[in-house]
Amino acid sequence: ENGRKVTVIFVLGGPGSGKGTQCANIVQNFGFTHLSAGDLLRAEIKSGSENGTMIQSMIKEGKIVPSEVTVKLLQLAMQESGNDKFLIDGFPRNEENRETFESVTGIEPEFVLFFDCPEEEMEKRLLTRNQGREDDNLETIKKRFKVYMESSLPVVAYYSLKDKVRKIDAAKQAEAVFEDVKAIFNSTTE
Ligand code: UP5
Ligand code: MG
């Protein structure tokens, strides 16, 4: 928006597929700034902002927070980072998210890193994560899976048609997943 070339990679995949874990690895090796949309929304709840209560109830229900809220948080975080290379984790989650981000920022992703993982493996990981997330209970997890299938996978399909999806088998051990992630970054970003 201010002229500099900004590189964005969307990191997508189901709840518990390992997006946050792998983004931390990528940051250490490739100089990106990691922006988790979910983390930004949870920070917004904690900050006591006027949107906090609305965001909290949507996350508890596994629903997708209105695009304008999330895009604003992402834009602000990008500006404040001082970096020009971003991993945007867990966003866009539906077509409206994608369209809003694109029209507001004018940014198209370099590619989409897509973590593919069976639901039973994701469920096992979420139920044993133990970090006090209000959405890590079986009832909410089922709702998150449904929203993911119905609203988020179409975004992956959209980018797939544009040949922008780099798909990773995310069911393997974290170290093995990162080997595959590294291969993609080494071949596509210089
Ligand atoms: N783990 C990781 N990798 C492993 C591996 N290879 N083998 C075994 N275990 C592995 O990992 C999850 C757990 O699994 C951890 O304990 C980890 O150690 C282990 P993690 O890396 O945290 O997975 P991640 O994909 O990041 O899972 P997360 O739960 O964060 O994904 P979600 O997409 O569900 O959560 P997010 O924070 O993105 O969104 C939460 C909610 O916020 C959404 O449901 C929605 O309500 C809201 N939201 C929006 O409305 N809009 C947005 O744009 C974003 C979020
Ligand atoms: Mg995460």
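Leaving aside neighbours within four places in sequence, Ser67 is in contact (heavy atoms within 4.5 Å) with Glu96, Asn97 and Thr100. This is a predicted model, in which local features need pLDDT of at least 70, side-chain atom pairs count only at pLDDT 80 or more, and totals for chains, interfaces and linings use all residues. Residues are numbered from 1 along each chain as its sequence is written, and side-chain values use heavy atoms, with hydrogens and water left out.

Ser67 belongs to helix α4, residues 67–81; helices here are DSSP runs of H or I with at least four residues, numbered from the N terminus. Ser67 is buried, its relative accessible area being 1%, where buried means under 20% with a 1.4 Å probe and protein chains only. Its side chain makes a polar contact with the side chain of Glu96 at 3.3 Å; such a contact is a pair of N or O atoms within 3.5 Å, one able to donate a hydrogen and the other to accept it.

In helix α6 (residues 119–127), the buried residues are Glu121, Met122 and Leu126. Seen down the axis of α6, these fall within an arc of 130°, so they line one face of the helix; the arc is that of the directions from the helix axis to the C-beta atoms. Helix α7 (138–161) is among the elements that cover them.

The axes of α6 and α7, lines fitted to C-alpha atoms over the stretch in contact, lie 11 Å apart at an angle of about 140°. The contact involves Glu119, Met122, Glu123, Leu126 and Leu127 of α6, and Leu138, Ile141, Lys142, Arg144 and Phe145 of α7.

Methods:
Chains are lettered from A and ligands numbered from 1 in the order in which they are written. Buried means under 20% relative accessible area, exposed over 50%, partly exposed in between (1.4 Å probe, protein chains only). Helices (H or I, at least four residues) and strands (E, at least two) are DSSP runs, numbered from the N terminus. Axes are lines fitted to C-alpha atoms, for helices over the stretch in contact, and angles run from 0 to 180 degrees between N-to-C directions.
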